[in-house]
Amino acid sequence: MNTQKPLLERYEKAILHNQLTFDSNQHDALHYLQQLLDEFHTYGNKVAHSKRWRWKSSNAPKPWQGLYLFGDVGRGKSMLMTWFYDSCQLPKKRRVHFHVFMQEVHAFIHQNNALNAFTAFAKKVRSTTQLLCFDEFYISDIADAMLLSRLFSALFMEGVILVITSNYHPDTLYPNGLQRSSVLPFIALLHEKTALIELSGKQDYRLTKIKHQATRYFSPLNPQTEKALIDQIPRHRTYMTYTFAQLCGEPKGAKEYLTLAQNISHLILTHIPQLTRDKNNETRRFITLIDVLYEYNVVLLCSAQVAIDELYLENDRQLDFQRTRSRLIEMQATDYPHLL
């Protein structure tokens with residue numbers, strides 16, 4: 001066992017007890033995460049007080065200020081992030097949903113409308129946070145896209161260390177977005193400042209963990225389906241009920257979904273249509289909604305026109321929807337939400 005390497009030791013124990021299947025990509029990623037932990041714990045005071053701290057890995061051509069783990073859905077990115085974050089002994093650390101973080105950014109800039117707003121925000125972040133972790137990072141909002149280069153440049157300048165997981169290689173972020181050229185400097189910044197680590201396994205481990213499924217997704221849309229959905233509602237639970245048109249057909253975004261998810265534990269969403277190319281805005285909102293509900297462990301019951309595998313068949317947002325599909329299936333597990 002790697003007794004001086006807690007992340008690798010934990011991984012080896014999980015393999016030994018048949019809790020995980022060995023994955024060379026995960027193992028390689030853990031080496032990078034462990035190296036970063038070692039830097040934190042060896043040079044803790046230096047890291048804590050330096051705004052110019054850089055991590056010089058033995059196999060790095062130049063110093064880094066963070067890690068960017070990317071790969072398809074269910075490849076273990078969030079698991080590795082959890083292990084890393086739990087093992088990190090830095091007192092000033094934060095793991096936050098990217099939507100929540102960007103709401104804070106927009107609010108700060110609105111209240112501090114000055115040329116140095118990004119620098120001021122980065123200083124505010126650095127006063128409480130040395131290590132900033134984002135799960136499932138992606139860009140879907142043009143308002144966010146326009147800010148990212150200046151925002152992350154300021155964060156790096158203040159010495160904030162970033163660990164990010166994403167379904168996207170940096171070069172494929174915001175692939176069909178409006179004014180994508182505004183994101184290119186941010187992509188270049190990720191290449192310069194972070195170690196890019198790919199988890200390229202073929203297996204969606206999130207789905208293999210599901211041994212028993214409840215029935216929370218009902219299709220097709222007909223009176224029998226609606227009755228079956230109602231019959232599934234536990235008597236001792238209070239559910240908020242919305243139609244797809246109410247939550248995704250109107251101009252809502254992450255802010256509204258976050259407010260909703262923070263105040264409920266169960267949700268009924270009815271009349272989800274098949275998501276075709278002419279429903280691009282509705283599809284984008286649905287993806288964001290499921291992301292937020294999943295992050296906040298909200299139990300979802302829904303009725304839809306078609307089965308989950310037929311819900312979205314277009315190519316435009318296929319990568320984003322792979323995550324949505326995987327999460328919808330996981331949300332059928334009898335032990336979901338896993339944290340409750």
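Biologist: How many bridges join strand β2 to β3?
Modeller: Five, and β2 (residues 93-97) runs parallel to β3. Strands here are DSSP runs of E of at least two residues, and helices are runs of H or I of at least four, numbered from the N terminus. Two strands pair if DSSP finds at least two bridges between them. This is a predicted model: local features need pLDDT of at least 70, side-chain atom pairs count only at pLDDT 80 or more, and totals for chains, interfaces and linings use all residues. Residues are numbered from 1 along each chain as its sequence is written, and side-chain values use heavy atoms, with hydrogens and water left out.

Biologist: Which residue stands opposite F134 in β3?
Modeller: That is V96.

Biologist: And in which sense do β3 and β4 pair?
Modeller: Parallel, over four bridges. C133 has V163 in β4 as its bridge partner.

Biologist: Is β3 buried or exposed?
Modeller: Buried, meaning under 20% relative accessible area; exposed is over 50%, partly exposed is in between, with a 1.4 Å probe and protein chains only. Five of the five residues of β3 are buried, so the rest of the structure largely encloses the strand.

Biologist: Which residues cover each side of β3?
Modeller: L131, C133 and D135 are on one side, L132 and F134 on the other. Both faces are covered.

Biologist: Switching to rings. How many aromatic pairs are there?
Modeller: The count comes to 19. The rule takes rings of Phe, Tyr and Trp (its six-membered ring) with centres within 6.5 Å; planes under 30 degrees apart are stacked, over 60 edge-to-face, the rest tilted. Take F98 and F134: their centres are 5.4 Å apart and their planes at 85 degrees, so that pair is edge-to-face.

Biologist: Where do F98 and F134 sit in the chain?
Modeller: F98 is in helix α5 (residues 98-111) and F134 in strand β3 (residues 131-135). F98 is buried at 4% relative accessibility, and F134 is buried at 0%.

Biologist: What about F137 and F152?
Modeller: Also an aromatic pair, edge-to-face, at 6.4 Å centre to centre and 75 degrees between the planes. F137 is in the loop between β3 and α7 (142-145), while F152 is in helix α8 (residues 148-157), 15 residues away. F137 and F152 are buried.

Biologist: Which residues do ring pairs link into a cluster?
Modeller: F98, F101, F108, F121, F134, F137, F152 and F186.

Biologist: Charges next. What lies over the face of Y85?
Modeller: K93, at 4.4 Å from the ring centre. The criterion is NZ of Lys or CZ of Arg within 6 Å of the ring centre and within 35 degrees of the ring normal. The charged end of R323 sits over the ring of Y138, 4.3 Å from its centre.

Biologist: Backbone now. Which residues does a cis peptide bond join?
Modeller: S219 and P220, with omega about -5 degrees. P220 lies in the loop between β6 (217-218) and α11 (223-232). Most peptide bonds are trans, and most residues other than glycine have a negative phi.

Biologist: What is the phi of Y174?
Modeller: Positive, about 55 degrees, although Y174 is not a glycine. Y174 is in the loop between β4 (161-166) and α9 (184-193), and is buried at 5% relative accessibility.

Biologist: And phi of N297?
Modeller: Near 60 degrees, again a positive value in a residue other than glycine. N297 is in the loop between α14 (280-295) and β9 (299-304). N297 is buried, with a relative accessible area of 18%.
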